Amino acid sequence: MLTLVLVLGCSQSSTSFGSNYLKISINDQGFIYSIKDLTKPQPRELSPIDKPSPLLTLYNSKLDTLYRPLSAEFNKPHSLIELAYPNNSIAKIRVEPKDKYLKFTLVSLTNRENIEGVQWGSIHTNITNLF
């Protein structure tokens with residue numbers, strides 16, 4: 001089981017998930033297109049508008065290929081995201097909103113032949129004032 005915990009807090013044909021601190025919006029292609037910092041009176045957009053980020057990327061080392069999602073289906077009542085990929089893989093991801101963060105867990109991956117790795121993101125941000 002692979003888990004991503006974001007200390008942050010998913011709308012297009014999309015869905016949003018949030019914590020007390022952040023709101024993440026994921027489009028119907030499985031890309032994060034908005035990450036909003038909810039700690040400010042005027043929420044700040046942290047995701048560059050011209051660089052949406054894949055939620056989950058698959059890696060095939062035999063072909064030296066990264067697969068990004070083609071589509072996403074959202075099952076909000078069950079807190080599941082289903083991502084479809086060009087190699088016909090389907091990733092099911094459970095989302096658990098918490099007060100201070102969101103927890104994403106890779107529940108299953110079908111057609112995983114030759115998939116040697118998975119990666120959350122790469123998640124692009126416009127955060128520049130890091131320690």
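**Close-up views of an all-strand chain**

**Figure 1. Overview of the predicted model.** The chain holds 13 strands and zero helices. This is a predicted model. Read along the sequence, the pattern is β-β-β-β-β-β-β-β-β-β-β-β-β. The chain has 131 residues, and 37% of them are buried.

**Figure 2. The open sheet S8-S7-S13.** Three strands make up this open sheet, in the order S8-S7-S13. Their pairing is antiparallel. Strand S8 (65–67) and strand S13 (117–120) are the edge strands, and each pairs on one side only. On average, neighbouring strands of the sheet are turned by 25° against each other, direction ignored. Strand S7 covers residues 56–60. S7 and S8 run antiparallel and are joined by three bridges. Tyr59 has Leu66 in S8 as its bridge partner. Strands of a sheet pair through backbone hydrogen bonds.

**Figure 3. The aromatic pair Phe104 and Trp120.** A search of the whole structure finds one aromatic pair. The ring centres of Phe104 and Trp120 are 6.3 Å apart. Their planes meet at 55°, so the pair is tilted. Phe104 belongs to strand S12 (residues 102–109), and Trp120 belongs to strand S13. The pair therefore ties together parts that are 16 residues apart in sequence. Phe104 is buried, with a relative accessible area of 0%. Trp120 has 15% relative accessibility. Buried means under 20%, so Trp120 counts as buried too.

**Figure 4. The surroundings of Val95.** Val95 lies in strand S11 (residues 90–97). Val95 is buried, at 2% relative accessibility. Leaving out residues up to four places away in sequence, Val95 touches Phe17, Ser79, Ile81, Leu102, Lys103 and Phe104. One of these contacts, Phe104, is also a member of the aromatic pair with Trp120. Thr105 and Val95 are ten residues apart along the chain. Their C-alpha atoms are separated by 6.6 Å.

**Figure 5. Lys76 over the ring of Phe17.** The charged end of Lys76 sits over the Phe17 ring. The distance to the ring centre is 4.8 Å. Phe17 is also among the residues that Val95 touches.

Figure 6. Strand S2 spans residues 14–18, and strand S3 spans residues 22–27. The two pair in the antiparallel sense over five bridges. Ser16 has Ser25 in S3 as its bridge partner. Three residues link S2 to S3 in this hairpin.

Figure 7. Strand S9 (residues 71–75) pairs with strand S10 (residues 80–84). The sense is antiparallel, with five bridges. Ala72 stands opposite Leu83 in S10. The hairpin has four residues between the strands. In this hairpin, Ser79 takes a positive phi near 55°. Ser79 is also one of the contacts of Val95.

**Figure 8. From S10 into S11.** S10 pairs with S11 in the antiparallel sense, over five bridges. The bridge partner of Leu80 in S11 is Arg94.

How values were computed:
Residues are numbered from 1 along each chain as its sequence is written. This is a predicted model: local features need pLDDT of at least 70, side-chain atom pairs count only at pLDDT 80 or more; totals for chains, interfaces and linings use all residues. Side-chain values use heavy atoms; hydrogens and water are left out. Buried means under 20% relative accessible area, exposed over 50%, partly exposed in between (1.4 Å probe, protein chains only). Two strands pair if DSSP finds at least two bridges between them. Axes are lines fitted to C-alpha atoms, for helices over the stretch in contact, and angles run from 0 to 180 degrees between N-to-C directions. Rings of Phe, Tyr and Trp (its six-membered ring) pair if their centres lie within 6.5 Å; planes under 30 degrees apart count as stacked, over 60 as edge-to-face and the rest as tilted. A charge sits over a ring if NZ of Lys or CZ of Arg is within 6 Å of the ring centre and within 35 degrees of the ring normal. Contact means heavy atoms within 4.5 Å.
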